[in-house]
Amino acid sequence: MRAIISAATAVSCLPLLAEAQDTSFFFDVALSSVLLDRGEQIGGQTAEFYAGAEVDAGSALLYTTVYRLLPVGSDRNDFDNETDYTIGAIWEGPGYAADVSANWLTYPGEETKESLELAATITLDLPFEPGVAAFRDVHTDDWGLEAYAGPRWERDAWTFYALGRAGFVNLGDGSASRSYGGIETGAIRALSDGVAMGFIFRSDVADEDSFDVGATADGFATGRNSGTSLVVSLSYAH
C-alpha cells in the first residue's frame, strides 16, 4: 500500500484498539524516493500527507481520514496527484482484528475519473501478526488480495519491524493481471509524547513490467518488474 499506510500496517490494528481513547486526532507526512503500491510504481519522488480522527465507539473504533499524494520530483508530470477520503471501522474479535473502509479516490486537475474503493483487512493475534487485505474498486472493477506477516520488536524509544507481502491485482479494463511479492523493513523513533519519526525501506517484484524507469525518445513509457523505495515520515497523534 501507500508509504504511510504500509508503515501503519506493520504496527497493526491490534495494539491500536488497546490504546484507543474516546477521541484522538493524527497527522502524518512522508517523503518517498519512489512510490510503490500493490506491485507497481505509481510515482517518483512523492510527498504524502495523511490526517484523520478516530472515536472509540465501545465495540469498534470509528475513523475518518484525508490522504493527499503529491508528486514532487523532476518526473512529477508523469504521475497523477491524488486525494482520498476514507471512512472506516476497526473492531476486535477472538484472536483477530478487522478493519473495513470505504475510500473515495479523486485526482484533482487530472483526467482520471473519481472512484470508490472498498477495502478490508484482517490481522491475526499470532506470532508475526499475519494478515490478509482485500480491495475492490466499484467503478473500475479492479480487485486484489494481499497476505502479509512479519515480526515487530521494541528497544528503548525505537520500534523496529520487518514485513513480507505477497498478492495479486486483477484489472477491470482487461489488462494483464499481476502477481507480486515484496519485503519492507523500518524503524520508528518516538521523539516525544505523540510525535514519532519513521524510516522505511521497501522492495517489490512483480510478474509484469509495472515499475516505471522513464520513457523512450518516442515518448513511450518503459518499465521493469521490480522497484525499491526509501521513505522518511513524521507522525503526530493527540
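1. Thr123 is buried, its relative accessible area being 1%; buried stands for under 20% relative accessible area, exposed for over 50%, and partly exposed for what lies in between (1.4 Å probe, protein chains only). This residue belongs to strand β8, residues 115–124. Strands (E, at least two residues) and helices (H or I, at least four) are DSSP runs numbered from the N terminus. The side chain of Thr123 meets that of Tyr148 in a polar contact of 2.9 Å. Such a contact is a pair of N or O atoms within 3.5 Å; within protein, one must be able to donate a hydrogen and the other to accept it, and residues adjacent in sequence count only if both atoms are side-chain atoms.

2. A word on the basis of these points is in order. The model is predicted, and local features therefore need pLDDT of at least 70 and side-chain atom pairs pLDDT 80 or more, while totals for chains, interfaces and linings use all residues. Residues are numbered from 1 along each chain as its sequence is written, and side-chain values use heavy atoms, with hydrogens and water left out.

3. How many salt bridges does a search of the whole structure find? The search gives seven, a salt bridge being a side-chain nitrogen of Lys or Arg within 4 Å of a carboxyl oxygen of Asp or Glu. In general, side chains of opposite charge can pair when their charged atoms come close.

4. One of these salt bridges joins Glu40 and Arg178, with the closest N and O atoms 3.3 Å apart. Because Glu40 lies in strand β3 (residues 40–43) and Arg178 in strand β13 (residues 178–192), the pair ties together parts that are 138 residues apart in sequence. Glu40 is partly exposed at 25% relative accessibility, whereas Arg178 is buried at 8%.

5. Arg165 deserves a separate point. Its salt bridge with Glu184 has the closest N and O atoms 3.0 Å apart. Arg165 is in strand β12 and Glu184 in strand β13, so this pair connects parts 19 residues apart in sequence. Shared partners join Glu146, Arg165 and Glu184 into one network of salt bridges. For the salt bridge between Arg165 and Glu146, the closest N and O atoms are 3.4 Å apart. That pair likewise links distant parts of the chain, Glu146 being in strand β10 and Arg165 in strand β12, 19 residues apart.

6. Aromatic pairs form the next topic. Six are found in a search of the whole structure. Rings of Phe, Tyr and Trp (its six-membered ring) pair if their centres lie within 6.5 Å; planes under 30 degrees apart count as stacked, over 60 as edge-to-face and the rest as tilted. The ring centres of Trp143 and Phe168 are 5.3 Å apart and the planes stand at 85°, so this pair is edge-to-face. Trp143 is in strand β10 (residues 143–149) and Phe168 in strand β12 (residues 158–170), distant parts of the chain 25 residues apart. Both are partly exposed, Trp143 at 35% and Phe168 at 28%.

7. Trp158 and Phe199 make a tilted pair, 6.4 Å from centre to centre with 35° between the planes. Since Trp158 lies in strand β12 and Phe199 in strand β14 (residues 195–206), the pair ties together parts 41 residues apart in sequence. Trp158 is partly exposed at 27% relative accessibility, as is Phe199 at 36%.

8. Which residues other than glycine have a positive phi? Phe128 has one near 70°, and Asp156 has one near 55°. Most residues other than glycine have a negative phi. Phe128 sits in the loop between β8 and β9 (131–137) and is exposed at 52% relative accessible area. Asp156 occupies the loop between β11 (152–155) and β12, and is exposed as well, at 77% relative accessibility.
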